[in-house]
Number of protein chains: 2
Amino acid sequence: METTAPAAKRTGGRSALVLGAVKRATEELIEEKGRERLTVPMIAERAGVNPTSIYRRWGDLPTLINEIATYRLDPARPLPETGALRDDLTGWAREIVEHYSTPVNAALLRGGASVAGERESDCLRNRRAEATIFVGRHPEAGITPDQVIDHLVAPIIYRVIFLPWSLDDTTAERLVSDLFDLPSRA
Amino acid sequence: METTAPAAKRTGGRSALVLGAVKRATEELIEEKGRERLTVPMIAERAGVNPTSIYRRWGDLPTLINEIATYRLDPARPLPETGALRDDLTGWAREIVEHYSTPVNAALLRGGASVAGERESDCLRNRRAEATIFVGRHPEAGITPDQVIDHLVAPIIYRVIFLPWSLDDTTAERLVSDLFDLPSRA
DNA sequence: CAGTTAAAGCAACTCTATTTGCATTAGACT
DNA sequence: AGTCTAATGCAAATAGAGTTGCTTTAACTG
């Protein structure tokens, strides 16, 4: 039986080159033309690769886009660890805002959005994992991963997608501030 | 010169029928197949309309989807007006959650997301207008439209798009509660 | 209740995405 | 090195999207 992944047999050399070229080409083109005007042959040409190779590897464009969107922000990068939850989250949120301020990444996110829900393709699942790490370090703060998602990640992502012009380098701090300081109101 | 809009000349009768049929067909199909596998000819067939008519009216699929996504939640519907901001927002948020719990509307939203940013196609602009009305009625609460967007609308939309299974009928209240009650923390 | 013409239909055509079978290249393993 | 075969390339075939010119229908106007 093969519950264990089929495991790609050839990962280096030419295959890796193609992979990289396709990835790069997709990123460039999605930024230039946007998700809606992107096609597989277009990517293939830019990558100097045969379209067939793309179809055979990924099956279709949505799959390709989703894969790239998911792993763009390195899941292995170091996370802020200042000792204070608020500072950790501020640094982290800043990084996310900055990341998605790049047109490439914003475009990829929108592409990811259009295929989300259909499969297990939540290209932001890594963000949730990271949020969990942060709050786990400071249980005394009484903040839940869900709250971080709802009040920090969600607003950023929402604005990236629908109101990109509204993002600036004060956004992260403002949101963290809301998260911690929203006073009780009558 | 025609800087002034061409202005549609025929709005009733057959035109209206086509419009309705196309709208309905698009909604059905985007739910069935998802944004990515939707095509104009497909819609035309389901609607019993000639593809040409769609191309000529809307130009392309993204435009069509965006238009439908924008006006799905009737902008003229009555808004909650209980006298208390918190209750208004709770009712409103509930309505939004319920709206997007329908697969059709969720799919349309994702479709809207994939074309957002590229044009003035913020299919959620009406939500912002509504938020402004609510906080405008209760300036004493000290809540801004931006905060409503960030902490109420954004989390809902985020979950609709990426984590649809996480929405339930407690979501709206939870978010409003966070918005009002998030205690100050160290 | 005509006349005008916007909007829809139709059909042939173009263009481009996607598929498929086969040949070629080159990773991985011995 | 040599073998096996996964992965790519190539090219022809298919399919379906989108375009265009023209015809027909029927919504508005007077």
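A residue is counted as lining a pocket when one of its atoms lies within 4 Å of a grid point of that pocket. In this predicted model, the lining of the largest pocket comprises 19 residues. Those nearest the pocket centre are A:G117, B:P103, B:A106, B:A107 and B:R110. The space in the largest pocket amounts to about 290 Å³. Three helices of chain B, namely α1 (13-33), α5 (85-101) and α6 (103-115), each contribute at least two residues to the lining of the largest pocket. By residue class, the lining of the largest pocket consists of 8 nonpolar, 5 polar and 6 charged residues.

The second largest pocket holds about 230 Å³ of space. A total of 20 residues line the second largest pocket, and A:T102, A:P103, A:A106, A:A107 and A:R110 are the closest to its centre. Two or more lining residues are given to the second largest pocket by each of α1 (13-33), α5 (85-101) and α6 (103-115) of chain A. The lining of the second largest pocket is made up of 9 nonpolar, 5 polar and 6 charged residues.

The protein surface around each DNA strand was examined next. Around DNA strand C there are 24 residues, with A:R10, A:Y55, B:R10, B:R56 and B:R57 coming nearest. Both protein chains take part: α1, α2 (40-47) and α3 (51-58) of chain A, as well as α1 and α3 (51-58) of chain B, each supply at least two residues of the surface near DNA strand C. The largest share of this surface, 4 residues, is provided by α3(B). The surface near DNA strand C divides into 6 nonpolar, 9 polar and 9 charged residues.

Of the atoms of DNA strand C that lie within 4 Å of the protein, 65% are sugar or phosphate atoms, and the rest belong to bases. In the side chain of A:Y55, an N or O atom is placed 2.4 Å from a phosphate oxygen of DNA strand C.

Of the atoms of DNA strand D within 4 Å of the protein, 63% belong to sugar and phosphate. At least two residues of the surface near DNA strand D are supplied by each of α1 and α3 of chain A and α1, α2 (40-47) and α3 of chain B. The element that gives the most to this surface is α3(A), with 4 residues. The surface near DNA strand D contains 5 nonpolar, 9 polar and 9 charged residues.

The polar contacts to DNA strand D include both phosphate and base atoms. A phosphate oxygen of DNA strand D is 3.0 Å from a backbone N or O atom of A:N50. From chain B, a backbone N or O atom of B:T11 is located 3.1 Å from a phosphate oxygen of DNA strand D. A base nitrogen of DNA strand D, in turn, lies 3.4 Å from a polar side-chain atom of A:T52.

Methods: Residues numbered from 1 in each chain as written. Chains lettered and ligands numbered in written order. Predicted model: local features only at pLDDT ≥ 70, side-chain atom pairs only at ≥ 80, totals over all residues. Heavy atoms only, no water. 1 Å grid on protein atoms, 1.4 Å probe; cavity = no way out; pocket = protein on both sides within 12 Å on 5 of 7 lines; lining within 4 Å. Points joined across faces, edges and corners; volume = space filled by probe spheres on them. Nonpolar A, V, L, I, M, F, W, Y, C, P; charged D, E, K, R; others polar. Near = heavy atom within 4 Å. Polar contact = N/O pair within 3.5 Å; in protein donor to acceptor, adjacent residues only side chain to side chain.
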